[in-house]
Amino acid sequence: MTEIEQQNKFAVWHGISRSTIHWEPVIDENKCTGCGMCVVTCGEKRNVFGYDFDRHKAVVMYPENCMVGCNNCTVACLWNAITHPDVSGIKEVVKSLTAEQLQKELKKKLNDNPSLLA
């Protein structure tokens, strides 16, 4: 998958343009030790982080790839160098979603993943 395809994959979140949703990690460079835990924790699919070998620091390269509401990198950072916006803003965005839209997404998810049915 090319870099552009990767970015486009996360361009929409529940029908909302991801560029309009303020949810991305911020790294405090004074606290970052350059351990790379955030790069590893967020790796494989989302790849929000990159690494600057000259400065020995993690960097936020693709903030819109960050899954809305996810804060795994913040939890994993032992030095409290990563923060996210207040989750209350995300809750306001979620309130704009319709029940019909969510039911449609749920049905597709369950059809695509029958092992999720109890």
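This is a predicted model: local features need pLDDT of at least 70, side-chain atom pairs count only at pLDDT 80 or more; totals for chains, interfaces and linings use all residues.

Modeller: Residues are numbered from 1 along each chain as its sequence is written, and side-chain values use heavy atoms, with hydrogens and water left out.

Biologist: Which residue in β5 is the bridge partner of glycine 50?

Modeller: Helices (H or I, at least four residues) and strands (E, at least two) are DSSP runs numbered from the N terminus, and two strands pair if DSSP finds at least two bridges between them. Strand β4 (residues 49–52) runs antiparallel to strand β5 (residues 57–60), and 4 bridges join them. Within β5, glycine 50 has as its bridge partner valine 59.

Biologist: Which residue takes a positive phi in the hairpin of β4 and β5?

Modeller: The hairpin has 4 residues between the strands. A positive phi near 60° is found there at histidine 56.

Biologist: How far apart are the end C-alpha atoms of helix α5?

Modeller: The expected span of a helix is 1.5 Å times one less than its number of residues. For the 14 residues of α5 (residues 99–112) that gives 20 Å, and the end C-alpha atoms agree with it, being apart by 20 Å.

Biologist: What volume does the largest pocket have?

Modeller: On a 1 Å grid over the protein atoms alone, a pocket is an open set of points with protein on both sides within 12 Å along at least five of seven lines, a cavity is a set where a 1.4 Å probe fits but cannot get out, and lining residues have an atom within 4 Å of a point. Residues that line the largest pocket include Trp13, Arg46 and Cys66. Grid points are joined across faces, edges and corners, and a volume is the space filled by probe spheres set on the points; for this pocket it is about 310 Å³.

Biologist: Which residues lie closest to the centre of the largest cavity?

Modeller: About 110 Å³ of space lies in the largest cavity. Its lining has 15 residues, and the closest to the centre are Cys32, Cys35, Cys38, Cys77 and Ile82.

Biologist: Is asparagine 65 buried or exposed?

Modeller: Asparagine 65 lies in the loop between β5 and α3 (72–76), and its side chain reaches the backbone oxygen of arginine 46 at 2.9 Å. With a relative accessible area of 3%, asparagine 65 is buried.

Biologist: How far apart in space are asparagine 8 and phenylalanine 53?

Modeller: Asparagine 8 is found in helix α1 (residues 3–9) and is exposed, with a relative accessible area of 53%. Asparagine 8 and phenylalanine 53 are 45 residues apart in sequence, and their C-alpha to C-alpha separation in space is 27 Å.

Conventions
Buried means under 20% relative accessible area, exposed over 50%, partly exposed in between (1.4 Å probe, protein chains only). A polar contact is a pair of N or O atoms within 3.5 Å; within protein, one must be able to donate a hydrogen and the other to accept it, and residues adjacent in sequence count only if both atoms are side-chain atoms.
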